[in-house]
Amino acid sequence: MEQPINQTDPLDPIRKEIDEADRQLIQILARRFDAVKRVGSIKRAEEQPLLDTERERRVQASWIQDAEALGLAAPFARRVLKEILNHSRRMQESLIENRQGPGRRIRCGYQGQPGSYSALAASHLLAFRSGAESAMEGYLSFQDVGRALLNGDVDYGLLPVENSIGGSIADVNRLICDHALHIVDEEVWQVEHVLAVPPGMELADIRVIRSHPAALTQCETFLSSMEDVRREPWSDTATAAESLKEGPARERRDTAAICSEEAARLHGLDVLARSLADRECNETRFLLVAREPEMPDPRLHCKTSMLFRVNHHEGALVHALEVFAQAKVNLTRIESRPQPDMPWEYLFFVDVEGHMEAPNLAGALVKLRSCCSHLRMLGCYPSRTRKQDGHLDAAPAPVPALVRPEPVCIREVPAETAPVAKPHPARSSVRIGPVTLGEGRFVLISGPCAVESLEQIVDAARMVRANGATMLRGGAFKPRTSPHAFQGLGQQGLVYLREAGRQFELPTVTEVLTIEDIPAVMEYADVLQVGARNMHNFALLKELGKLDKPIILKRGMSATIKEFLLAAEYLLNGGNLQVILCERGIRTFETSTRATLDLSAVPVLKRLTHLPIIVDPSHAAGDRELVIPLALAAAAAGADGLIVEAHPRPAEALCDKEQALSPDDLEHMVAGLRPIVAAQGRVW
Ligand code: PEP
Ligand code: MN
């Protein structure tokens, strides 16, 4: 039944007026957004830039002028317009990205439950990406979101990465760092805390206020104004609201929750106070992550995120960051993350403004690669952060054409089809624990062809260490030409190799034959070797390119130098910049040696690439008598090091017996090498 209208209440006609104004406001907004969409369609069809900063400035100026003329405060008007312009831009962006379309149902995971800030941010972001066609799935922890994404249970995950008051969220950074997740979008969410209570309760009834600890901290001023009230940390804001729906707290009628307006509404609570936070600006930045990268339209204002490691040198980080300054690329975030396996060495998370394929940023990234030991691109995505004054960031530089990042290992064009690269200012070096390969040093890697037993590899380690080798080699998985030959000890061999390396403090090198073996060799060895037979195994190279582990790449038996470098490019392209090239002899018409050692490859490669180059005289010679002269020649030719097969008891070797140096041979070789290296002014 209708309530009788109190004709005498003077507020009624005014309220009617307000309701009518609100209705008009909504209609006007709908009209504005409709026009914005039409502009977006034309921009899309005519490939016009999305952002017209000049026009936005003009709109803003006349909006403020009109508002002030009507007696409205400028800061208020600016804030309203900021929201409207943001929304308009996002609508046009999704049009340009052509993501909106019927039948595209997207599943997105987040941490928390409906009504949490993560859920709100997720539905806001996904509404632009897929209209109403998205399903939100709440998970208990960030790790659960990551797992669901990697398992394919959801298409995307939305994770909070930093808060404007609380700072960075370490668990989320770790999750992104440790898994192959790609950042494809971001959302910035204005956190607005309210005080929610079961219906009918009043401020004076409150004895307990529960919420997420971060939310309690953010509302310090409000909480200290409440006398005799206990703060109760809760797992998250939405659960705190839910806990008041029923149960003892509701019966006691003494507990309130700090949560979002939406969570309060969802759980049938009354809102007693709004804007509880100490600071007006309380924003959380979320990242939308996916299993595959997505490349946004170059017309969008974008950010690019990456993860890199620099060698432990003076100025190494400055050097890396300078690359961005020189390219006029603005850095928006830098954060370091410790690496459990390398105490006191850090990975750096860096966000910059710009599209990854815009010429200035693409060029900066090529340069960055040559001053990092590891670089992983985390993603390129539309930027949602705006400066606090409400002003828009500058429009992105016009992008005439997309450029592919240039290859980094090739200095010159070896043939007409090869991609172009500029000469590299410096040679790169690779660090393996205490050993540095490159930088005018000479490194001897030695050990048996295959790990045969614990005793054999321990004896070998002792022998090579005594002769100045600084790394231990030994194959656990052997690529044998004959299936009847010894195939290696496999996993057990890795265990023995690591044990021998530990006993004599020698980093270890072992060959990885297949993608399936990667986790095991990653765990046990310090350097992974790609053998000559696998140089063309691009699927394997692509996987190894994703690792943060040095790789020795051997030249294929019939590979040209150009093919060799392009194989190295597969590793570098994936982000693994710790690549060491190894010349090990090629197949020619000559049969008096196992292969023909192409020593000219050493100076040729030095001219073509900045990567360190070592030589394997053992597999080239196939005969121990020839190994020593070839080793000396390789050092003289300028190789950064040698990898030489040696066995404590060559007669017993199960693999490549004929070429294995004995302890005496090794001593003899080293005696010949030392004066050559010293004469070159190099450090052993
Ligand atoms: C090896 O180093 O043991 C090996 C098999 O080498 P390559 O791949 O050069 O033949
Ligand atoms: Mn061998």
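This is a predicted model: local features need pLDDT of at least 70, side-chain atom pairs count only at pLDDT 80 or more; totals for chains, interfaces and linings use all residues.
User: What are the dimensions of the box that the C-alpha atoms fill, and how much accessible surface does the chain have?

Analyst: Taken along the principal axes, the C-alpha atoms of the chain fill a box of roughly 115 × 60 × 45 Å. The accessible surface comes to about 32000 Å², and carbon and sulfur atoms account for 54% of that surface. Of the 684 residues in the chain, 51% are buried.

User: Which secondary structure elements make up the chain, and what share of its contacts joins residues 24 or more positions apart?

Analyst: The chain has 22 helices and 25 strands.

User: How should I read the packing of helix 3 and helix 4?

Analyst: The general idea is that two packed helices are described by the angle between their axes and the distance between the axes. Here the axes of helix 3, residues 74–97, and helix 4, residues 117–130, come within 8 Å and cross at roughly 45°. The two helices are therefore oblique to each other, given that angles under 35 degrees would count as roughly parallel and those from 65 to 115 as roughly perpendicular. On the side of helix 3, the residues that meet helix 4 are His87, Arg90, Met91 and Ser94, and their counterparts in helix 4 are His124, Leu125 and Phe128.

User: Where is glutamine 113, and is it buried or exposed?

Analyst: Glutamine 113 sits in the loop between strand 1, which spans 106–111, and helix 4. Its relative accessible area is 15%, so glutamine 113 counts as buried, the cut-off being under 20%. Leaving aside residues up to four places away in sequence, glutamine 113 touches Ala119, Asp236, Ala238, Thr239, Glu242 and His267.

User: Which residues does leucine 269 touch, and why does it count as buried?

Analyst: Leucine 269 belongs to the loop between helix 11 (261–266) and strand 10 (270–273), and it counts as buried because its relative accessibility is 9%. When residues up to four places away in sequence are not counted, its contacts are Ala196, Val197, Pro198, Ala241, Leu244, Arg250 and Ala264. As a comparison of sequence and space, leucine 269 and valine 172 are 97 residues apart in sequence, with their C-alpha atoms 31 Å apart.

User: What is the corresponding separation for leucine 11 and proline 382?

Analyst: These two residues are 371 residues apart along the chain, and their C-alpha atoms are separated by 47 Å. Leucine 11 is found in helix 1, residues 11–45, and is partly exposed, with a relative accessible area of 41%.

Technical notes:
Residues are numbered from 1 along each chain as its sequence is written. Chains are lettered from A and ligands numbered from 1 in the order in which they are written. Side-chain values use heavy atoms; hydrogens and water are left out. Helices (H or I, at least four residues) and strands (E, at least two) are DSSP runs, numbered from the N terminus. Buried means under 20% relative accessible area, exposed over 50%, partly exposed in between (1.4 Å probe, protein chains only). Accessible areas come from the Shrake-Rupley method with a 1.4 Å probe; for residues, only the protein chains shown count as cover. Axes are lines fitted to C-alpha atoms, for helices over the stretch in contact, and angles run from 0 to 180 degrees between N-to-C directions. Angles under 35 degrees count as roughly parallel, over 145 as roughly antiparallel, 65 to 115 as roughly perpendicular and the rest as oblique. Contact means heavy atoms within 4.5 Å.
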